[in-house]
Amino acid sequence: VQLQASGGGLVQAGGSLRLSCAASGSIFNINNMGWHRQAPGKQRELVAVITSGGRTNYADSAKGRFTISRDNAKNTVYLQMNSLKPEDTAVYYCNADIQVGWLLASENYWGQGTQVTVSS
């Protein structure tokens, strides 16, 4: 199983970016999918999470500006980021709880990270 993240880049403050993360491989079922970020010198933190049924939860810093969504048919999770601020600069990682078989417990997989840089 692999998670491939894309969509990062350099944007001015106030701008927008859309991150994508596609899961591939031997996948039976995907439960929660989410995005975390890690800024230089800081711990990795949760940004947003979405359940298989579409329920969402956001960090306070993301509420009102970021929207997480998923396409279950494509095993893909998205993060639409609007009104970006310099403090949003970080490497963004996607993760997913994935079952690879019917009777197997789900395991947590991580993508490789994509850099988001917001200039002031």
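Predicted model: local features only at pLDDT ≥ 70, side-chain atom pairs only at ≥ 80, totals over all residues.
**Entry 1: G64**

I started at G64, which sits in the loop between β6 (56-58) and β7 (66-71). Strands here are DSSP runs of E with at least two residues, helices are runs of H or I with at least four residues, and both are numbered from the N terminus. Residues are numbered from 1 along each chain as its sequence is written, and side-chain values use heavy atoms, with hydrogens and water left out.

Is G64 buried or exposed? I got 86% relative accessibility, so G64 counts as exposed. My cut-offs are under 20% relative accessible area for buried, over 50% for exposed, and partly exposed in between, with a 1.4 Å probe and protein chains only. I also took a C-alpha to C-alpha distance from G64 to N75: eleven residues apart in sequence, 25 Å apart in space.

**Entry 2: S61**

The loop between β6 and β7 also holds S61. S61 is partly exposed, at a relative accessible area of 34%. From S61 I went over to S106, 45 residues apart along the chain, and the C-alpha atoms are separated by 29 Å.

**Entry 3: positive phi**

I looked up N75 next, in the loop between β7 and β8. Its phi is near 50°, a positive value in a residue other than glycine. N75 comes out partly exposed, with a relative accessible area of 24%.

S83 is another case: phi is positive, about 50°, and the residue is not a glycine. I found S83 in the loop between β8 and β9. Its relative accessible area is 41%, which means partly exposed.

**Entry 4: E87**

E87 is also in the loop between β8 (76-81) and β9. With a relative accessible area of 57%, E87 is exposed. I checked E87 against A13, 74 residues apart along the chain, and their C-alpha atoms are separated by 9.6 Å.

**Entry 5: A90**

A90 is in strand β9. At 3% relative accessibility, I put A90 down as buried. Which residues is A90 in contact with, leaving aside its neighbours within four places in sequence? My list reads R37, Q38, A39, T114, Q115 and V116, where contact means heavy atoms within 4.5 Å. For V116 I have a distance too: the C-alpha atoms of A90 and V116 are separated by 5.5 Å, although the two are 26 residues apart along the chain.

**Entry 6: the disulfide**

How many disulfides does a search of the whole structure find? It finds one, taking a disulfide as a pair of cysteine sulfur atoms within 2.5 Å. C21 is joined to C94, with S to S at 2.0 Å. C21 lies in strand β3 (residues 17-24) and C94 in strand β9 (residues 90-99), so the pair ties together parts that are 73 residues apart in sequence. I read the torsion about the S-S bond of C21 and C94 as about 55°, so the disulfide is right-handed. Both C21 and C94 are buried.

**Entry 7: the whole chain**

Then I zoomed out. I count zero helices and eleven strands in the chain.

Of the 120 residues in the chain, 39% are buried. I also looked at contacts between residues at least 6 apart in sequence, and 55% of these join residues at least 24 apart. The accessible surface comes to about 6,400 Å², and 47% of that belongs to carbon and sulfur atoms. Those areas come from the Shrake-Rupley method with a 1.4 Å probe, and for residues only the protein chains shown count as cover.

Last item, charges. I have 10 positive and 7 negative side chains, with the centres of the two sets 4 Å apart. Lys and Arg count as positive and Asp and Glu as negative, while His and the chain ends are not counted. Each charge is placed at NZ of Lys, CZ of Arg, CG of Asp or CD of Glu.
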